[in-house]
Amino acid sequence: MANESVSVIFKIYCLSVMTLIAATYTVALRYTRTVSSDLYFSTTAVCVTEVIKLLLSLLMLARETGDLVRCRTAVVTHIFRSPKELLKLSVPSVVYAIQNNMAFVALSNLDAAVYQVTYQLKIPCTALCMVLMLSRSLSRLQWFSVFMLCGGVTLVQWTPPQSTKVQVEQNPFLGFMAIAVAVLCSGFAGVYFEKVLKSSDTSLWVRNIQMYLSGIVVTLIGVYLTDGAQVLEKGFFYGYTPWVCLVIFLASVGGMYTSVVVKYTDNIMKGFSAAAAIVLSTVASVLLFGLQITTTFILGALLVCVSIYMYGLPLQDTSKLLKPSTDREDTQKLIAV
């Protein structure tokens with residue numbers, strides 16, 4: 001019983017931390033893009049995030065191998081002596097770099113709550129990529145939940161709520177298009193990375209190091225092409241505040257923490273986490289940005305939360321529910337005969 005209590009407490013802890021990271025990241029990023037007077041370069045923030053992720057992955061690899069010598073050997077073998085593998089992981093690096101930059105564009109033009117709801121479109125995008133790239137199939141309930149989620153997002157975007165305390169110029173259409181690109185990138189990169197992971201026995205942290213090394217190169221190119229002249233004039237860390245540092249920290253830790261949390265939670269808990277993050281982001285948006293909640297937003301957000309829960313339901317539960325009806329049908333056929 002004690003072990004079960006500890007297990008439940010740990011799962012609740014994982015759920016709480018994952019929810020807080022998701023909600024805080026969205027709200028903090030929105031705050032830094034709409035309130036700060038000296039706006040920082042989002043491309044440099046994405047680059048710094050990749051560097052921190054690389055360092056964290058190296059630490060986790062050292063912990064996994066249990067020895068710095070073994071860690072060094074793994075890095076030399078799988079990184080410096082495996083250029084093909086490094087090139088293979090450059091594909092999701094490019095896609096994730098685009099996704100992360102699109103998040104900054106989206107939250108510069110959309111409220112945090114609207115973003116949080118709309119970003120759940122990553123679920124149908126990931127599902128579609130899984131069907132096409134991994135030849136997986138979805139249950140009828142999952143397909144139904146996907147269409148329900150899309151309907152909920154449509155309601156939210158139909159008449160987007162306004163933020164009375166945000167004075168900067170915004171383009172909601174640009175924000176929505178940025179989310180559309182981000183969710184497409186998220187779905188493809190996530191499934192591609194899963195396919196690479198399952199194609200060999202290489203450690204997750206080695207794969208992460210390969211990906212983040214490529215990511216640093218890609219994001220540095222992005223800094224040069226997008227903000228190169230201004231970065232040279234004002235500095236790489238221009239406009240950085242404690243809030244910006246918090247955003248970078250959450251972005252760095254969030255993804256890695258989620259990958260670890262998945263080992264100890266299930267899809268239902270992740271669904272509750274996403275729904276809770278939507279609620280927290282909405283409350284924070286009302287308090288910080290003066291978000292005016294509309295009826296369509298409430299209905300759309302509710303549909304999205306329900307669809308996330310339905311999508312994560314275990315398949316075996318569905319089959320168990322269907323078996324009694326099948327038996328009854330067979331019985332009815334026998335009676336008819």
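Start by selecting Val-279, Val-283, Val-286, Leu-287, Leu-288, Ile-293 and Ile-298: together they make a nonpolar surface patch with about 600 Å² of accessible area. A patch here is built from residues with over 30% relative accessible area and no salt bridge, with nonpolar side chains (Val, Leu, Ile, Met, Phe, Trp, Tyr) joined within 5 Å and like charges joined within 9 Å. Areas come from the Shrake-Rupley method with a 1.4 Å probe, and for residues only the protein chains shown count as cover.

You're looking at a predicted model, in which local features need pLDDT of at least 70 and side-chain atom pairs count only at pLDDT 80 or more, while totals for chains, interfaces and linings use all residues. Numbering runs from 1 along each chain as its sequence is written, and side-chain values use heavy atoms, leaving out hydrogens and water.

**Stay on the patch.** Which helix supplies the largest share of the nonpolar patch? Color helix H11 (residues 267–289), which contributes 5 residues. Val-286 sits in helix H11 and is partly exposed, at 35% relative accessible area. For the accessibility labels, buried is under 20% relative accessible area, exposed is over 50%, and partly exposed falls in between (1.4 Å probe, protein chains only).

**Zoom out.** Switch to cartoon and you'll see 13 helices and 0 strands in the protein chain. Helices (H or I, at least four residues) and strands (E, at least two) are DSSP runs, numbered from the N terminus. Of the 337 residues in the chain, 45% are buried. The accessible surface comes to about 18100 Å², with 68% of that belonging to carbon and sulfur atoms. Taking contacts (heavy atoms within 4.5 Å) with a separation of 6 or more, 89% are between residues 24 or more positions apart.

UniProt, in an unreviewed entry, places "transmembrane region" at residues 12–33, 39–62, 141–160, 172–193, 205–225, 237–260, 272–291 and 297–315. Those positions are given in the numbering used here, feature names are shortened, and annotations may be inferred rather than shown by experiment. Residues 39–62 are 88% helix and 0% strand, with the end C-alpha atoms 37 Å apart. Residues 141–160 are 90% helix and 0% strand, with 28 Å between the end C-alpha atoms.

**Go inside.** Next, show the side chains of Phe-104, Tyr-115, Val-117, Leu-149, Ile-179, Tyr-240 and Val-304, the residues with the most contacts inside the largest nonpolar core, which has 49 residues. A nonpolar core is a set of buried Ala, Val, Leu, Ile, Met, Phe, Trp, Tyr and Cys residues joined through side-chain atoms within 4.5 Å. What does Val-117 touch, leaving aside residues up to four places away in sequence? Its contacts are Val-153, Val-156, Ile-278, Phe-297, Ala-301 and Val-304. There's also a second, separate core of 18 residues, including Leu-54, Ala-62, Phe-193 and Ile-209.

A salt bridge puts a side-chain nitrogen of Lys or Arg within 4 Å of a carboxyl oxygen of Asp or Glu, and the count comes to 4. Pick Glu-85 and Arg-207 for one of them, 2.6 Å from N to O. This pair links distant parts of the chain: Glu-85 is in helix H4 (residues 83–109) and Arg-207 in helix H9 (residues 204–234), 122 residues apart. Glu-85 is partly exposed at 23% relative accessibility, whereas Arg-207 is buried at 2%.

Now center on Glu-194, which meets Arg-136 in a salt bridge at 2.5 Å, N to O. Glu-194 lies in helix H8 (residues 172–198) and Arg-136 in the loop between helix H6 (122–133) and helix H7 (140–158), so the pair ties together parts 58 residues apart in sequence. Arg-136 is partly exposed, at 31% relative accessibility. Glu-194 also forms a salt bridge with Lys-198, the closest N and O atoms being 2.8 Å apart. Both residues lie in helix H8, 4 residues apart, about one turn of the helix. Is Lys-198 buried or exposed? Lys-198 is exposed, with 60% relative accessible area.

**Two last stops.** Ser-135, in the loop between H6 and H7, has a positive phi of about 55 degrees although it is not a glycine. Ser-135 is exposed, at 66% relative accessibility. Finish on Lys-234 in helix H9, which is partly exposed at 40% relative accessible area. Lys-234 and Tyr-40 are 194 residues apart in sequence, yet 9.9 Å apart from C-alpha to C-alpha.
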